[in-house]
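Open the model in your viewer and keep the sequence panel beside it. This tour moves from one selection to the next.

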Amino acid sequence: RLRRSAAFAQRPEGQSGFAFQQIVFHCYPTWDAAIAAFQRGNVNTISEIPYYAVRQIAALPLMPYAAYRPGLGAVVLNWGRDSVNFFRDQRMRRALAMSLDRAALVDKHMADRAVTADGPILPDSWAYAPDVSCPAYDPDAPDAAKVALSQVQVTPPPTPAPEEQPTALPEGASPPPPPTPGPTAAPGGVYAFELLVANDAGQAGLAQEIAIAWNNLGLAVNLVVVDAVTFRERLAAGNFDAALVELNLAPSADPDPYGVWRQMPADGGLNFGGMNDRAVSELVELARRATNGSYRVELYRRFQQLFCDRAVAMVLYYPVYYYGADRRILGIQLGYMSEPSDRFRTLHDWAFTSE
């Protein structure tokens, strides 16, 4: 139970607003229990509406408010694994990115739970650069990915394609087609690697179509779907070639991408793939130390531009957070959220209507 401070009410900034004098939090073990409490009138808001329930509540007096969750869905590549050393080639990474129609894939597999990502920083952050966008499939240049891939030169040459088919796909999903020969094939084989993903229906479906797109380039991509615990263990140990992962960026309201996109530190961090680009690392290091606001904006703009130019990772989507509130409550606005409590940033403007 939180109560409005009497001392704050005496300060100039506390003289207006704050129609609500207190907030009482109730904890429920499941979504079903929480929505039942709302329907009984025991609570007026629900801290999070699951994406699958957003359309189900249309008939209820519960308004869903959407905001970007502090996260990023992306395919990260293992730069440190010698068996897939071709990921260190910028042309390979750009080719992989240019073969993916991010908007279509996200709309198909992540509807109601994510929106298409254009870069590594959330769009509602002060550091977001709207004029920067990472490479993606261009219908006006359908062969751009194959052209980029044909320029990749790796020593030693790629290994032969594996014989096994993708494993453990979700029920009803079909495996990616076998690799087809093309201009990207090298003497003696093709570029072969595994794409790891957790056994989540939306993410696994998204990964399956990514594997299909890359196989159509002439690569040999084997989709591997594992349970969530195994996925986290393999990711933390660097036991993967490429992985579709939803990176948790919270709490990073600044924002501070240093923990994700700096060169591999001794204490780990979120750079699971061992990304090793000194220019990118220096920019995020400089930006977190800078004290001048306009200089930091420029550093982060340069970081986003370099990240996209070099296709450090295949950005896919920004996950969405839904806050549910009684439709009679006015003044709720969700902005940048680095943690769940940020939903109360405009609490001083909240009030019940008389209806």
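The model is a predicted one.

The buried residues of α4 are R102, L105, V106 and H109. They span an arc of only 95 degrees around the axis, so they sit on the same side of α4. Now turn to the other side of α4 and select D107 and K108, which are exposed there.

Move to the loop between α3 (90-98) and α4 (102-109), and select S99, which is located in that loop. Is S99 buried or exposed? Its relative accessibility is 13%, and buried means under 20%, so S99 counts as buried.

Show the side chain of S99. One of its polar atoms lies 2.8 Å from the backbone oxygen of L96. Then select Y137, A145, A213, W214 and L217: S99 touches these residues, leaving aside those up to four places away in sequence.

Finally, zoom out to the whole protein chain. How many helices and strands does the protein chain have? There are ten helices and twelve strands. The protein chain has 355 residues, and 48% of them count as buried. Among contacts in the protein chain with a separation of 6 or more, 73% are between residues 24 or more positions apart. Switch to a surface view to end: the protein chain exposes about 17200 Å², with 51% of that supplied by carbon and sulfur atoms.

Technical notes. Residues are numbered from 1 along each chain as its sequence is written. This is a predicted model: local features need pLDDT of at least 70, side-chain atom pairs count only at pLDDT 80 or more; totals for chains, interfaces and linings use all residues. Side-chain values use heavy atoms; hydrogens and water are left out. Helices (H or I, at least four residues) and strands (E, at least two) are DSSP runs, numbered from the N terminus. Buried means under 20% relative accessible area, exposed over 50%, partly exposed in between (1.4 Å probe, protein chains only). A polar contact is a pair of N or O atoms within 3.5 Å; within protein, one must be able to donate a hydrogen and the other to accept it, and residues adjacent in sequence count only if both atoms are side-chain atoms. Contact means heavy atoms within 4.5 Å. Accessible areas come from the Shrake-Rupley method with a 1.4 Å probe; for residues, only the protein chains shown count as cover. The arc is that of the directions from the helix axis to the C-beta atoms.
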